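Colleague: I have a structure here that is new to me, and I would like to know what the labels on it rest on. Could you take me through them?

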Amino acid sequence: MHTESGLPAYEVIAIKYATRSGARPDHFVGGDPHDVPMPMDYYLWVIRNGERLVLVDTGFNEDMALKRHRTLLRRPVEALKLLGIDTNDVRDIVITHLHNDHVGSFDSFPNAQFHLQDDEMAFATGHHMCCDGFRRAFEVDHVAGMIRLVYKDRVCFHKGDAQIAPGVSVHQIGGHTAGLQVVRVHTARGWVVLASDASHYYEHFEKKRVFSLVYHLGEVLEGYDRLLELATSPRHVIPGHDPLVVQRYRAVSPELQGIAMRLDLNPIAD
Ligand SMILES: [Zn+2]
């Protein structure tokens with residue numbers, strides 16, 4: 001389907017593959033006066049139409065769930081199968097950043113090219129990794145695995161903004177990590193922005209609060225403005241870990257209720 005602008009319109013799907021419990025003070029710089037539960041969901045995202053398929057992030061498998069005490073609901077590969085996607089057919093994967101929950105199952109996609117920001121690889125392999133606070137969400141085997149893929153010509157580096165396909169582009173925001181990138185997608189309802197960890201929850205960009213794990217606080221805050229510039233409206237910004245995404249968007253099918261949501265369709269509720 002092409003819209004009046006001549007750009008293709010894509011289907012955009014959030015797949016929930018894992019979850020964990022947590023409390024509000026865990027998720028904000030400076031904590032939070034309300035010590036109440038605030039669970040975190042884990043997603044990967046599919047962008048597709050009749051001609052193309054772009055995967056955004058790869059999620060993690062049992063190993064990370066066990067090591068980091070997350071509840072794996074379904075392996076990312078199994079989740080993709082529910083949408084009829086064979087991992088052998090995935091050719092383009094945007095890695096928003098190299099944290100374990102976004103890159104963990106990278107080795108399940110033998111034919112994919114990985115789109116990564118220059119600054120993210122530099123960050124994950126450079127002097128900042130001497131600091132435990134910056135290092136802890138990365139997994140050295142994932143980072144080393146990506147370096148191996150560089151040597152196989154399977155990493156496509158970007159510096160700032162870049163087009164991945166007509167109507168699909170990446171934009172470096174930084175902040176949470178030095179090279180974090182978000183993805184902007186043209187859909188029938190306008191420009192949807194997959195914020196990933198540029199905004200973990202709606203509350204972060206809506207109230208200009210900052211998630212507790214942060215590399216550059218100023219870039220996080222400027223990033224919120226950038227998200228709103230890139231998206232057709234605030235309702236087009238999709239946070240990276242918010243359980244509300246499941247409630248706000250329609251399921252792909254009744255069988256996939258709570259698992260796969262259509263982000264290219266208007267939200268059911270705000
Ligand atoms: Zn994350």
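Colleague: Which residues of α8 are called buried?

Modeller: In this predicted model, the buried residues of α8 are Val220, Gly223, Tyr224, Arg226, Leu227 and Leu230. To be called buried, a residue needs 20 or more other C-beta atoms within 10 Å of its own. The cover over these residues includes β9, β10, β11, α7 (202-207) and β12.

Colleague: How do you know that the span of α8 is close to what is expected?

Modeller: The helix has 14 residues, and its first and last C-alpha atoms are 20 Å apart. The expected span is 1.5 Å times one less than the number of residues. For α8 that gives 20 Å, and the helix comes close to it.

Colleague: What does α8 (residues 217-230) pack on?

Modeller: First, the sheet itself. It is an open sheet of five strands in the order β8-β9-β10-β11-β12, and its pairing is mixed. The strands β8 (162-165) and β12 (237-239) are at the edges because each has a single partner strand, which leaves one side of each without a neighbour in the sheet. From one strand to the next the twist averages 25 degrees. Helix α8 packs on this sheet and touches β9, β10, β11 (190-196) and β12, with its direction at about 155 degrees to that of β11.

Colleague: What makes β9 and β10 a pair?

Modeller: Two strands pair if there are at least two bridges between them. Strand β9 (residues 168-172) and strand β10 (residues 181-187) have five bridges, in the antiparallel sense, and they count as a pair. Within that pairing, Val170 is opposite Val183 of β10.

Colleague: Why is β6 described as largely enclosed?

Modeller: Strand β6 (residues 113-117) has five residues and four of them are buried, so the rest of the structure largely encloses it. Its pairings are parallel: three bridges join it to strand β5 (residues 92-94), and four join it to strand β7 (residues 155-158). His115 of β6 stands opposite Val94, and in β7 its bridge partner is Cys156.

Colleague: Why is Cys156 called partly exposed?

Modeller: Cys156, a residue of strand β7, has 15 C-beta neighbours inside 10 Å. Buried takes 20 or more and exposed takes 12 or fewer, so a value in between is partly exposed. Leaving aside residues within four places in sequence, Cys156 is in contact with Gln113, Phe114 and His115.

Colleague: Where is Asp161, and why is it called exposed?

Modeller: Asp161 is in the loop between β7 and β8. Beyond four places in sequence, it touches Ser169, Val170 and His171. Between Asp161 and His171 the C-alpha to C-alpha distance is 4.4 Å, although they are ten residues apart in sequence.

Colleague: Which residues touch the most other members of the largest nonpolar core?

Modeller: That core has 67 residues, and Ile13, Ile15, Trp45, Val193, Leu194 and Leu227 touch the most other members. Beyond four places in sequence, Leu194 touches Trp45, Val56, Val182, Val183, Val185 and Ile238.

Colleague: How do you know that the radius of gyration of the protein chain agrees with a compact globule?

Modeller: For 270 residues a compact globule would have a radius near 18 Å; the protein chain has 17 Å, so the two agree. Along its principal axes the C-alpha trace spans about 50 × 45 × 35 Å. Of the 270 residues, 45% count as buried. The chain comes to nine helices and 13 strands.

Key: Residues are numbered from 1 along each chain as its sequence is written. This is a predicted model: local features need pLDDT of at least 70, side-chain atom pairs count only at pLDDT 80 or more; totals for chains, interfaces and linings use all residues. A nonpolar core is a set of buried Ala, Val, Leu, Ile, Met, Phe, Trp, Tyr and Cys residues joined through C-beta atoms within 7 Å. Two residues are in contact if their C-beta atoms, placed from the backbone, lie within 7 Å. Helices (H or I, at least four residues) and strands (E, at least two) are DSSP runs, numbered from the N terminus. Axes are lines fitted to C-alpha atoms, for helices over the stretch in contact, and angles run from 0 to 180 degrees between N-to-C directions. The radius of gyration is taken over C-alpha atoms; the globule rule is 2.2 Å times the number of residues to the power 0.38.
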